Amino acid sequence: RGWLAVSVQPAIAADGTTQQRLMVLAVAAGSPAQRAGVQAGDLIRSIDGNMVLDGRQTMLDIARLKPGESLSIQLQRGAQVIDTTAVVGIRPLPGR
């Protein structure tokens, strides 16, 4: 089961509408997401070229990947668009 270690929520525009992006709330230290350069406050625009429409579905799609597989992530940080690659990891057991 694949794991990136980000907490996300739907991104909300200034007018209150939901955007087709996910806002990163937190990134676990030492995680695949952190190694890929993902930061809290980033907006995830797409994963593997697919626009993100739903946080739950996106996380399920990532979980279906095998640890060690790579995926491309397009982020928005302020006005800057960043393309990065993450190597999916294995979720650590609780307490470790």
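**View 1. Residue classes around the second largest pocket of the predicted model.** The lining of the second largest pocket holds seven nonpolar, three polar and three charged residues. Nonpolar here covers Ala, Val, Leu, Ile, Met, Phe, Trp, Tyr, Cys and Pro; charged covers Asp, Glu, Lys and Arg; the others, Gly among them, count as polar. This is a predicted model, in which local features need pLDDT of at least 70, side-chain atom pairs count only at pLDDT 80 or more, and totals for chains, interfaces and linings use all residues. Residues are numbered from 1 along each chain as its sequence is written, and side-chain values use heavy atoms, with hydrogens and water left out.

**View 2. Centre and surrounding elements of the second largest pocket.** The space in the second largest pocket is about 190 Å³ (the volume filled by probe spheres set on grid points joined across faces, edges and corners). Of the 13 lining residues, Ile47, Asn50, Val52, Thr58 and Asp61 lie nearest the centre of this pocket. A pocket is an open set of points on a 1 Å grid over the protein atoms alone, where a 1.4 Å probe fits, with protein on both sides within 12 Å along at least five of seven lines; lining residues have an atom within 4 Å of a point. α2 gives the most to this lining, four residues.

**View 3. Lining of the largest pocket.** At least two lining residues come from each of β1 (2–3) and α2 (55–63) (DSSP runs numbered from the N terminus: helices are H or I, at least four residues, and strands E, at least two). α2 supplies the largest share, three residues. By class, the lining has eight nonpolar, one polar and two charged residues.
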